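This report goes through one protein chain, part by part. Please keep the sequence and the 3D view at hand while reading.

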Amino acid sequence: MRKFTLLICLFLVQLAFAQRKGYWQQKVDYKMTIDIKDDLYQYDGKMKLKYTNNSGQSLNKVYFHLYFNAFQPKSMMDYRLANIADPDKRMVSNIGTKENPKMQSRIATLGNDNIGYQKIIALTQNGKSTSYKVDGTILEVTLATPIKPGKSTTFEMVWEAQVPEQIRRSGRNSKEGVAYSMTQWYPKMAQFDDFGWHLDEYVGREFIAPFGNFDVTINIGKDYVIGSSGVLQNPKDVKGYDKNAKIVEKNGRVSWNFKATNIHDFAWAADKDFVVDEGTSKGGVKVYLVYKPGEKTTKVWKEAMPYTTAFFDYAAQKFGAYPWPTYTVVQGGDGGMEYGTATLITGERNLASLVGVIYHEAAHSWYQHLFGINETVDEWFDEGFTSYIENLASLQVFEKQTTLPSNPNLDASKGYINLALSGKEEPASLLADYYNTNYAYSLEAYYKGQVLAIQLGYIIGQDNLDKTFLEFYKQWKFKHPTPNDFKRVAEEVSGINLKWYFNLFINTTRKIDYAVENVQSNSFAVANKSDFAMPLDVLVEYTDGTKELFYIPLREMRGEKPAENLIEYKGVKRTVLTDAFWTNPVYEVKTSKEVKQITIDPTKRLADVDYTNNVFTK
């Protein structure tokens, strides 16, 4: 009987944490062969793509992204650079004077030989011709035969492309001299899900795509070394990966073959000077660092290897195991950008900078590539949570801090508060391309998203937050979760309702501002000076030297966070008070002793825009 009861309990626990009913996602399988024309920075491409429709409805059309087409004068990306108040400095040139500064889009100055393009030569579906049209960076395909629910179809595509001058992420001849940074380089199937087709023009922000498998062959000059997504299938035939390799060339060219399973973006970079360093994490992840040797790189990149392998062991423990066999860091691109099992980063950095950017991009292996987040709208979920992981790993693995502060990144909190008070903040639910300024986008994505996670730990308790990350991994790896899915897991783990928090923090620009008021010998009040109610931890020190922590939950929570084992609260009596109402901005607290000092949230996890009135000292 006891065994039966235990099985029932386990079933109910699994049911409580079940994924949302009716979830589905499409699947893609790419097989591509690329022939590089080195002297022209062009290539010919052939693709065989198996597309599986799990949507439950017939599809009469499909869409592909042709990202290279953005790097042409008069593209939407070009006009965006010309009209946004604070364009990305990497993508504009200064054509003004010191007295009269003026910036011009670098795309506007591209000539025919250095623009980017992807031209479709032929496209069939199951051997039958399709009709298609190109509209900017979107290819619309009218199918020869509808794809019925649960069925697969095979597309065969031939295309020609020119690699643009290095302007953003993709391109040739980067500032650090890398020949090819090949990202967003292939016609990529657009995402189709519960929200419909995702047909965002490539204006500057990031991506969403279906999961699938990749088999990519790159034919290129024999002197090149490639760093890439996936696992190299023929290391003994090519340069750089095996010291006993015998280069297999044909007419001065070598074929590189990479395969990757269950990723949603594939990137690579190539240069004749690349060297390859190899390391392995304790958990068995094989790490490759691919870079151009020199005074500005070699020593630092070699020093970065043990920190890089250690990152995967740390992240696996805190956020779930890294599920792919390899991860490759390649010098290239224009900063740092994540792709499936690989990243391209600029490489001429000091050690702290290099490790920092590696940690950030590697952390994207979770919040973007393991969970296929829609970066075109939920950029805070992607960049913010990634920054949270990066910062924790930097503190413990790189800086070797054994005891973390309650708020692990006060700089993120300060950055968000500066944005909130700047008058430039926009709701975090805004489509990523539509922010009025890059300033607002950047602080919203990297800081406010990180603050959301830190503050969530304040609301539900740090232990519950840690459990939420691991439970979310179990439920949502290799899928496309939304912020609501993360919220639901946090609610299930903590038993606390979080609708109010996610709604107000993501969909509005409301601010948190509490103050200590009306302090008497044996009483005081906490007042909500703004329009965002929160639960409160209020630490009181009495005149006799003892301390008491008053916890004030919020009615909307329909629950309470457990006591936390934090350094600020060790040895302190905790008193749980009656829940507060958001409709009543003032909450009265009575004490049993004479008050000396009162502090609202000594952990500083509460994103209060004015901390000066959070502390009262008699």
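## Two annotated residues

Contact here means heavy atoms within 4.5 Å. The model is predicted, with local features needing pLDDT of at least 70 and side-chain atom pairs counting only at pLDDT 80 or more, while totals for chains, interfaces and linings use all residues. Residues are numbered from 1 along each chain as its sequence is written, and side-chain values use heavy atoms, leaving out hydrogens and water.

Under "active site", UniProt (unreviewed entry) lists Glu361 and Tyr446. They are spread over 86 residues of sequence but cluster in space, with a largest C-alpha distance of 12.7 Å. UniProt positions are given in the numbering used here, feature names are shortened, and annotations may be inferred rather than shown by experiment.

Helices (H or I, at least four residues) and strands (E, at least two) are DSSP runs, numbered from the N terminus. Glu361 lies in helix 4, residues 351-363. Buried means under 20% relative accessible area, exposed means over 50%, and partly exposed is in between (1.4 Å probe, protein chains only). Glu361 counts as buried because its relative accessibility is 4%. Leaving aside neighbours within four places in sequence, Glu361 is in contact with Tyr327, Gly336, Met337, Glu338, Thr343 and Ile345.

Tyr446 lies in helix 7. Is Tyr446 buried or partly exposed? With a relative accessible area of 28%, Tyr446 is partly exposed. Not counting residues up to four places away in sequence, Tyr446 touches His360, Glu383, Gly384 and Ser387.

## The annotated domain and its helices

The feature "domain: Peptidase M1 membrane alanine aminopeptidase" is placed by UniProt (unreviewed entry) at residues 308-503. Over residues 308-503 the chain is 58% helix and 7% strand, and the end C-alpha atoms are 36 Å apart. Helix 5 (residues 379-398) is mostly covered, as 18 of its 20 residues are buried. Just after helix 5, Lys400 has a positive phi of about 60°.

Helix 7 (residues 438-460) packs with helix 8 (residues 462-476) at an angle of about 120°, and their axes are 6 Å apart. Axes are lines fitted to C-alpha atoms, for helices over the stretch in contact, and angles run from 0 to 180 degrees between N-to-C directions. Angles under 35 degrees count as roughly parallel, over 145 as roughly antiparallel, 65 to 115 as roughly perpendicular and the rest as oblique. Helix 7 and helix 8 are therefore oblique to each other. On the helix 7 side, Ala453, Leu456, Gly457 and Ile460 meet Gln462, Asn464, Leu465 and Thr468 in helix 8.

## Strands

Two strands pair if DSSP finds at least two bridges between them. Strand 10 (residues 152-162) runs antiparallel to strand 2 (residues 42-52), and eleven bridges join them. Leu49 stands opposite Phe155 in strand 10. Strand 6 (residues 117-125) is joined to strand 10 by eight bridges, again antiparallel. Strand 8 and strand 9 form a hairpin with two residues between them, and Gly136 in the turn has a positive phi of about 65°.

Elsewhere, four strands form an open sheet in the order 11-12-21-17, with antiparallel pairing. Strand 11 (171-172) and strand 17 (225-228) stand at the edges with a single partner strand each, so one side of each is left without a neighbour in the sheet. Two bridges join strand 11 to strand 12 (residues 180-182), and Arg172 has Tyr180 in strand 12 as its bridge partner.
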